[in-house]
Amino acid sequence: MAEGFEFNIADVAALLPLTIRRRTGASMDVDCFYDDCNGARRGKLNINFAKNCYKCNYCGKHGGMLDLYADYLNISRSEAYREISEALNCGRIQEIRRKQPKVELVPQSPSVDYEQRHQTYAMMSQLLTLSKAHKEHLMSRGLSAADIEEYGYKSTPVYGFQVLTKKLIDMGCKVEGIPGFYKTKTGEWTVNFSSFCSGILVPYLSVNRKIQGYQIRLDKPIIEERAAPSVTDIETADGSNVMKDGKVKETKYIWFSSVNKNYGASSGSPISFVGNPGDEVVYFTEGAIKAHVAHKLSGKSFLATAGTGSLGEAPRTLNELKALGTRIVVEAYDADKHMNDKVMKDSLKLKEIIKSCQLMHTSAEWPYIEYGDGKNTKGVDDYLVYVEMLKKQKSDMGGV
């Protein structure tokens with residue numbers, strides 16, 4: 001039970017007609033019911049049974065048991081408590097619990113801080129390789145072979161997960177509390193890779209080039225029409241796209257995480273940095289690969305979140321850069337942000353964070369252009385690639 005209450009958030013959720021998309025022993029994902037969430041991100045509101053709280057990963061709304069009930073019915077918290085108590089104390093609590101899937105909380109390891117993660121991740125990186133196909137993809141984005149090697153991109157392994165973990169332990173690496181590692185049913189440590197989640201390991205580097213975490217750019221994006229049981233234990237980054245019919249969504253990126261696994265750990269939402277920590281001007285965008293490509297093409301320093309709203313670490317990172325000489329932060333979210341209410345809201349939130357750090361704020365704007373072979377200038381990296389293409393064309397024409 002939640003402290004001070006005779007009921008928990010699972011009991012409260014069962015009283016509401018929520019649309020459940022996925023459910024595990026530790027949490028469930030439901031459709032967000034907040035009006036300003038626009039309903040586009042189905043299954044984005046996560047209800048955490050262990051912590052007795054909820055959060056929508058799209059609009060950011062969050063709260064506890066009483067907030068869930070009160071906000072759904074648009075009533076006060078005191079009214080919510082009274083109604084919940086009346087419903088559950090009238091004998092319904094046992095009936096509700098009989099109908100609910102059993103809540104079996106999976107023990108979790110507290111995530112260690114970003115500094116402690118680096119040793120294990122750096123050692124793991126040395127034991128992994130990058131496939132030819134993944135290297136070619138990164139080069140097609142605008143990175144050179146030297147850029148790719150320097151930054152530390154790797155391919156997820158397809159077998160030998162426990163062997164890999166044992167090697168790391170034998171090398172003196174900590175795995176408990178490191179996102180991505182967990183214990184099997186027999187008590188052995190292993191790593192959360194699988195053929196289902198194969199792809200490119202994209203490092204999220206700190207200002208001092210320590211590996212804080214990884215995203216996986218999936219070889220096969222997760223396509224969901226309704227519930228997808230196979231993605232239950234995946235910690236998604238904000239890389240989902242809702243298709244035009246509003247029924248199918250595509251997730252291209254997930255965190256390398258072991259959340260909801262036995263003694264696993266959550267990745268959190270680290271912010272990646274690439275460039276010169278002493279630069280007066282730093283650009284702020286979404287996606288570590290995008291930031292890396294933009295840096296190589298422009299020479300500018302970039303910060304990157306996993307999603308436009310993943311700003312929890314922004315104050316810490318901005319203050320760190322400020323101490324090193326940064327004075328101006330340029331928001332460089334995608335060119336179509338003016339057509340996306342959610343991104344515009346996140347942009348305003350970022351602006352307030354920048355101001356709170358006593359840094360100057362401005363926004364980068366560029367035209368959205370569609371050109372050959374389905375290419376466009378949506379992202380800052382896309383636009384810089386387009387500019388480089390125009391420069392090359394002009395050079396090939398003798399500067400005419």
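**An aromatic cluster and the helix that contributes to it**

Tyr121, Phe161, Phe181, Phe193, Tyr214 and Phe256 form one aromatic cluster, where rings of Phe, Tyr and Trp (its six-membered ring) pair if their centres lie within 6.5 Å, with planes under 30 degrees apart counted as stacked, over 60 as edge-to-face and the rest as tilted. The model is predicted, so local features need pLDDT of at least 70 and side-chain atom pairs count only at pLDDT 80 or more, while totals for chains, interfaces and linings use all residues. Residues are numbered from 1 along each chain as its sequence is written, and side-chain values use heavy atoms, with hydrogens and water left out.

The structure holds 15 aromatic pairs. In one of them, the rings of tyrosine 121 and tyrosine 214 have centres 5.3 Å apart and planes at 75°, so the pair is edge-to-face. This pair links distant parts of the chain, since tyrosine 121 belongs to helix H4 and tyrosine 214 to strand S10 (residues 211-224), 93 residues apart; helices (H or I, at least four residues) and strands (E, at least two) are DSSP runs, numbered from the N terminus. Tyrosine 121, at 0% relative accessibility, counts as buried, and so does tyrosine 214 at 2%, buried meaning under 20% relative accessible area with a 1.4 Å probe and protein chains only, exposed over 50%, and partly exposed in between.

Phenylalanine 161 and phenylalanine 193 form a tilted pair, 6.4 Å centre to centre with 50° between the planes, and both residues are buried.

Returning to H4, its buried residues are Tyr114, Arg117, Thr120, Tyr121, Met124 and Ser125.
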